[in-house]
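Subject: Structure handover

Hello,

Here is the structure I promised you. Please open it alongside this note; my findings follow below.

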Amino acid sequence: MTTPHRYFTVDSALLQELGERLIGRPHIAVAELIKNAYDADATTCEVVIEADRITISDNGEGMDESTFISRYLRLGTQHKRDAMTSRRLGRPLTGAKGVGRLATQFLGSALRIESCREDSTAPAIVANIDWAKIVGGEELARFPVYTNTKERTDIDAFPDGSRHGTRVVIENLRAELDDDDVKELGREVWLLRPPFNQFGGGRSRRDRNDPKNFEIRFLSENEDLESSFDEIFDDLTERVWRAKITGRIRNGRESDIGEIEIEFREGFPSKSPYEVFSDEVVLSRLKPLRASEREAERQPEAFRSPLLDAIDFTVYVYKLERKQSASVPLADLREYLSNFGNVSIYDSGFRLPYYGIESDWLLNGLDHARRVSVSSLLPSKWGIEKRYLLDLPAPGRIFGFVEINTSREERIAKEHGTKSGHWLEIQAGRDRLHDNAAYAQLQAFVRYGLDLYANRYAARSLRAAEVSADREPAERKYKRLVQVLEENRDQISDVVYGEAIKEAKEAERAAKSQDDQFTQRIAAIAPLAAAGMTALAMTHELNREVRFLRSAERRLRTLAKEHGLSDLMEEADGLRASLDRLRALQSLFSPLLSAEDREERARLRVEPVVRGVVSGMAPLTPGLEIETRIDEEMRFPPAPLAAWNALLQNVIANAWNACLASRSAKVEIVAFENVKEGVLWVSDTGVGIDLGDADRLFDAFERKLEVPREQASLAIGGQGLGLAIVRMLAETHKAEVAFVEPEDGYATTFQMKWRK
């Protein structure tokens, strides 16, 4: 017999589960609350972050008691999906799942809400929620929310002095926020503001009836924090960019056309003029991006129809150099790009947090690292005789944003009878787009712009080289001279002809010999170039992993304190030690990331350079004792920091490898000056070398050292290029290197000397 009237019940722990799984990161939680303000037709939303409290307030339409009960306390409401646009300004609504309010519990356990409804005389509603009282096994309907009403005048004014709006105060934060936490969260919140509105004066627009008038104010105990973010943004979008890529689609489902424009500033690359390139892209002919062969098997060669209707994007490309004029130090701009570079996506004016430096969604980082040379997107009309995609910018060299409106894309798609799933659509977690065909077309359209930039940059480089340099080999010129002498032999005396032809042929042989030596050197350097690119890619990945591990370590400490778990605290200490070692390793690569450190020639002090390299090498050389005796004011010959950094790394690595085969592991670095020259000695207690054969060790691919098999995993390098690099760097910067008679107590001494 069927029993009537059985119903589903909901465990109150579902609130906690949904909050954890749908949010995931603090700035996403804050973003959800800001979106609520936007949907409520607010013109201003203030975010105040303190060490123990976060407050988000707006001057939107607000709530009265009945609205709070019917909408706020009812999970999964569909009124936003049904309405599609906001009540007063007609904004496309950003929320659609009815669970955004659960974001607060991800930040802290205590929540207070104050709200006054617009166009109403109803009292203000005040509600208090204690998420810590969630008890698994109890009915959701039994979870208490305490409310009362107050006179509207008894509630503090909302932003801009408004008497209507909503204020959300979150206390008992999961973790106390230090200065770094506040700065990091502040940057993420600051990035939520749509930059494409700011260019048209969006930050100063105050028309309350303009739907795009929405200002996010970030306030903290550090009053200069937001202004410093604005200065960085202004530098990146106004002053220091070298190329700008813009894309635009209007009525794309009808026209099937997108427009791309590339603007190059004068002098990028060197000796190139200001120039603008334009192209029209047929959306249905684009090819999906493919990260793997497996994807190539399941994706079509091209799209069958246009799947985008209205898109805008702007991407800036940088080459930061000391001579550029900026409001903030270039080092700060480089750091900002390493943390927040690449291309972000904004839906209805809000940034989707998945897209940016942490997501290589355009595959430009992947293709840059694996040295892809030709685009699969560009048509043949853009063909040039150069592997142009090698100039594809890496994520840390660009800053860009894509403006979409998923609500509009869905509406237009349905009007065209498009079947479900073939438009841009937000996933349930609301931090990224569905990986469908429309998203793939968006990827391809934006990436087309990056590929066209790389193509035109390479073409400009070729033109500049043709103008500024004579590319004909010297050997060919001397060969032509010999030919001219032979053709005019009858008009030249035998004595003059004999001497001239002899000298011309000798010059031809010498030029050929120089060309051959150059070719051999290039062949030796090729592996170093590949290693350099790998180092840059690896450093980008290290930056991302360091941020992730730092967050994990803090979380472990918080959990350990909350639950009194000493073992977990020990694990957190171990993770902190690993982070310190990882940061030391990062310092080895840092000179490669800075154009100033790679190219700027200066007489650098020996002591701090040596100290930095020794510190960075420490994680790679466990147990190696390194002593230094260096004159404090002594300086290297003029050269970039990267040169001496690389030279010292290779010398210390060579000494470390030698010590692996010895019973002792000690290195001494001595630097001193005499009347005419500076001298640097690096001595080690390794297995030693035969000084009679030592000069040959500086040749490429010469490797005499045999490391014991049981210690082979500890060896650094091993390709026979280290000392070749050392000699090349030293000679380039007017220094001489050799192995000399070791000092007492040491087996080997490397010497570099230079004239003062």
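Start with β11, residues 311-318. Seven of its eight residues are buried, so the strand is largely enclosed by the rest of the structure. Keep in mind that this is a predicted model.

β11 has strand partners. Eight bridges join β8 to β11, and the two run antiparallel. Within that pairing, T314 of β11 is the bridge partner of T246. β11 and β14 also run antiparallel, joined by six bridges. There, V317 stands opposite I398 of β14.

Next, the cores. The largest nonpolar core has 52 residues. V402, L433, L442 and Y453 are the ones with the most contacts inside it. Several elements each supply at least two of its residues, among them β8 (241-249), β11, β14 (398-404) and α14 (437-468). Which element gives the most to this core? That is α14, with 14 residues. In soluble globular proteins, nonpolar side chains tend to be buried together.

Y453 deserves a look on screen. Setting aside residues up to four places away in sequence, Y453 touches A243, I245, I262, F264, F268, V317, D391, P393 and R397. V317 is the residue that stands opposite I398.

There is also a second, separate core. That one has 41 residues, including W644, A655, A671 and L697.

Now L377. Its place is in the loop between α12 (364-369) and β14. Is L377 buried or exposed? With 10% relative accessibility, L377 counts as buried, because the cut-off for buried is under 20%. Leaving out residues up to four places away in sequence, L377 touches L286, K287, L289, A444, R447, Y448 and D451. Take R447: L377 and R447 are 70 residues apart in sequence, yet 8.3 Å apart in space, C-alpha to C-alpha.

Last, helix α19, residues 606-617. Buried in α19 are V606, V609, V610, V613, V614, G616 and M617. They cover an arc of only 165 degrees around the axis, which puts them on the same side of α19.

Best wishes

Terms used
Residues are numbered from 1 along each chain as its sequence is written. This is a predicted model: local features need pLDDT of at least 70, side-chain atom pairs count only at pLDDT 80 or more; totals for chains, interfaces and linings use all residues. Side-chain values use heavy atoms; hydrogens and water are left out. A nonpolar core is a set of buried Ala, Val, Leu, Ile, Met, Phe, Trp, Tyr and Cys residues joined through side-chain atoms within 4.5 Å. Buried means under 20% relative accessible area, exposed over 50%, partly exposed in between (1.4 Å probe, protein chains only). Helices (H or I, at least four residues) and strands (E, at least two) are DSSP runs, numbered from the N terminus. Contact means heavy atoms within 4.5 Å. The expected span of a helix is 1.5 Å times one less than its number of residues. The arc is that of the directions from the helix axis to the C-beta atoms. Two strands pair if DSSP finds at least two bridges between them.
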